[in-house]
Each structure stands twice: as C-alpha cells, then as structure tokens.
Amino acid sequence: MDYREDVLSFDCGGDALFGIVSVPAQIARRAVLIVVGGPQYRVGSHRQFTTLARALAAQGVASLRFDYRGMGDSHGAMRDFEAVGEDLRAAVDNLFKALPGVEEVVIWGLCDGASAAIFYAADDARVTGLVLLNPWVRTSGGHAKATIKHYYRARLFDPELWKKILRGQFNVAAAAGSFVRIAGAAFGNGKGGASGASAGAPASLPDRMQAGLARFRGKVLLIISGADLTAQEFLDTAAASDKWQGLLAAPHVSRQTLPEADHTFSRRVWKDQVVNWTGDWLRSW
C-alpha cells in the first residue's frame, strides 16, 4: 500500500517536540505510537523504528515515531523513562490531530520504552493495546542473577573460552574478580533485588511495573529476544513473582519469542518477524 511521511512538530510543556508520522493511503482506525528505548532517537538502532513504521504503513497502519524532550531534534531537558508521561500524552494528542479517522492507539515500546508505555497506558483511555519488547526491569540484584545464570553458565561451556585459557590469552584473575563482584550483588545482603521491598521502602521497579500493567485493561503483545540479558532478567523476575505470572498468563496477553535474537533485533530476518507479529496481532482484534 502507498504511504507518505510527514514531519510533525508539537508542544510539550513549552518545549518543541519533533517526530515523523507515516500515513498510508487508507488509514485504519487503530494507529501505533512508537516509543524509543534507551538513549535513542526516533530512527532507532540500525534504523529499527524507521523500518518498522514504513512496514506498518505498507500494511495500512499509521504510526508516529518521535523524540522525547532532550533527545534527537526535540528541545528541553532529557528525562528518565519514568518521567516521560507528558511527552507520551502530547504525542498521543497530536497523533490524533494529525490522523483524522483514527479512533485508538497502540503503544509499541522496546526496552525502557516498553517500561514507559506500561507506566502511561492505564491513564489514557485512547490507548487500547501495548506491544512490549524486552521490557526493562533492571535492578542490581536482578541483573547480577541474570548475568550469572545466562552469561556465565553459557561461557563455561564455550570451547573458545577454554582454548583462550589454555593458550594463556585469557585473564583468569580479572574474570574471577568480576564474577565475585557480580555474585556479591546477586547473593549478598539482598539489596537491589527484584522485589519484596521492606516495609516503608519504595516499591522496586519490577513491582511498580507489574502494578502499572495490572491497571491496564487493553490487549498486550509481549515479544522476547532469546539472546538478550535484559529480556532474560525480565523473564526471571516474572518467574519469581506470582503476580507477574498471573498477569502474563491472562487471556488478553499474547507472547512471542525469537530464540536467537539480540536486544534490538538487529538482523533483517528478526526485524521482519517483529513487523509481521505486530501487524498480525493488530489485525487480530
């Protein structure tokens, strides 16, 4: 399907934000807001968000990808992903202004973009769906445990590692020191763990995210990379929580996994699969 792309500028708290809206010739009633993750701007790693937006437009789905305040071309000070609610609301407001006929929006977010979407979605009735890719639930203890479980275990069985050790090309002392530090974070005094904050302490990031997603009544598509520590930390955190397990098992939540994919789905075949899953899911309800 033919489509065009327009530059969109809009205000957020007195700062100018900029984005690109991809508009198919025939616009579906459901559009997508693409939310970036990490220190990225609207193009994304290896043009990930650009290719996603154009592929969705070719399927008849309009989208907006934009820069938060302080990122890319947008003005203002950079903000943490937990403090971008105003940016998301301004983007949703202007997506609807730019696309007459659109009735609802799905937020598509990678990494802490997925986390930001979780915190925002329940407070905006126009948001009827979330696509969450490798959500960021980082805690020091959770990351350390995921590193030991998924990185060090794999390294122990890597023939190339043992060849380097035998050839004297591997710094065993430095590696051992690194492992001890990580093990201390994972199994030390319990600080920085994934959940279970003591009475009076602030809830952990995973607990706050679980509470935010539990408030959302729309559809959810969870896409996980099999070769990504961020994704594995999320899965380990969810597996250790009855609340997370119940939430992810709910009928409105769909799950897909790309076993060999990295964090940003950097290969063409992985990006194409993500696009296809996203498009199929959008048309399924």
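Guide: Helices here are DSSP runs of type H or I with at least four residues, numbered from the N terminus. Take helix H1, residues 48-58. Glycine 60 follows H1, and its phi is positive, near 95°. Keep in mind that this is a predicted model.

Now the residues of H1 itself. Gln48, Phe49, Thr50, Leu52, Ala53, Leu56 and Ala57 are buried in it. An α-helix has 3.6 residues a turn, so residues three or four places apart point the same way. What covers the buried residues of H1? The cover includes strands E1, E2 (15-24), E3, E4 and E5, along with helix H10 (268-283).

Arginine 47 lies in the loop between E3 and H1. Its phi is near 60°, a positive value in a residue other than glycine. Most residues other than glycine have a negative phi. Arginine 47 counts as partly exposed, because its relative accessibility of 44% falls between the cut-offs of 20% and 50%.

Another loop residue ties in here. Threonine 264 sits in the loop between strand E8 (253-258) and H10. Threonine 264 touches Ser45, His46, Gln48 and Leu110, leaving out residues up to four places away in sequence. Buried or exposed: which is threonine 264? Its relative accessible area is 18%, under the 20% limit, so threonine 264 is buried.

Next, tryptophan 108. Beyond its neighbours within four places in sequence, tryptophan 108 is in contact with Val32, Leu33, Ile34, Val35, Gln48, Phe49, Leu52, Val131, Leu133, Val274 and Thr278. Gln48, Phe49 and Leu52 are among the buried residues of H1. The largest nonpolar core has 76 residues, and Leu33 and Trp108 have the most contacts inside it. In soluble globular proteins, nonpolar side chains tend to be buried together.

The structure holds 5 aromatic pairs. In one of them, the ring centres of phenylalanine 10 and phenylalanine 66 are 6.2 Å apart and the planes meet at 50°, so the pair is tilted. This pair links distant parts of the chain: phenylalanine 10 is in strand E1 (residues 3-12), phenylalanine 66 is in strand E4 (residues 63-66), and 56 residues separate them. Phenylalanine 10 and phenylalanine 66 are both buried. Together with Tyr68 they form one aromatic cluster.

Then follow E5 onward. Cysteine 111 is found in the loop between E5 and H3. Its phi, near 60°, is again positive in a residue other than glycine. With a relative accessibility of 9%, cysteine 111 counts as buried. Helix H3 (residues 112-121) comes next in this account. H3 is mostly covered, with 9 of its 10 residues buried. Among the buried ones are Asp112, Ile118 and Tyr120. They belong to a set that packs against strand E3 (30-35), helix H2 (85-98), strand E5 (104-110), strand E6 (127-133) and helix H7 (205-215).

H7 carries arginine 215. Arginine 215 touches Ala122 and Asp123, not counting residues up to four places away in sequence. Arginine 215 and aspartate 123 are 92 residues apart in sequence and 8.8 Å apart in space, C-alpha to C-alpha. Arginine 215 is partly exposed, with a relative accessible area of 45%.

One more contact deserves a look. Arginine 30 lies over the face of tryptophan 285, at 3.5 Å from the ring centre.

Step back to the whole chain. The secondary structure comes to 10 helices and 8 strands. Of the 285 residues, 47% count as buried. Among contacts with a separation of 6 or more, residues 24 or more positions apart account for 71%.

Finally, confidence. The mean pLDDT of the protein chain is 89, and 82% of its residues reach 70 or more. Residues 189-193 stay under 50. The model has 9 contacts for that stretch beyond four places in sequence. Where pLDDT is low, the predicted coordinates should not be read in detail.

Notes
Residues numbered from 1 in each chain as written. Predicted model: local features only at pLDDT ≥ 70, side-chain atom pairs only at ≥ 80, totals over all residues. Heavy atoms only, no water. Phe/Tyr/Trp six-rings, centres within 6.5 Å; stacked < 30°, edge-to-face > 60°. Helix = DSSP H or I, 4+ residues; strand = E, 2+ residues; numbered from the N terminus. Buried < 20%, exposed > 50% of the residue type's maximum accessible area, 1.4 Å probe, protein only. Lys NZ or Arg CZ within 6 Å of the ring centre and 35° of its normal. Contact = heavy atoms within 4.5 Å. Core = buried A, V, L, I, M, F, W, Y, C linked by side-chain atoms within 4.5 Å. pLDDT = per-residue confidence, 0-100.
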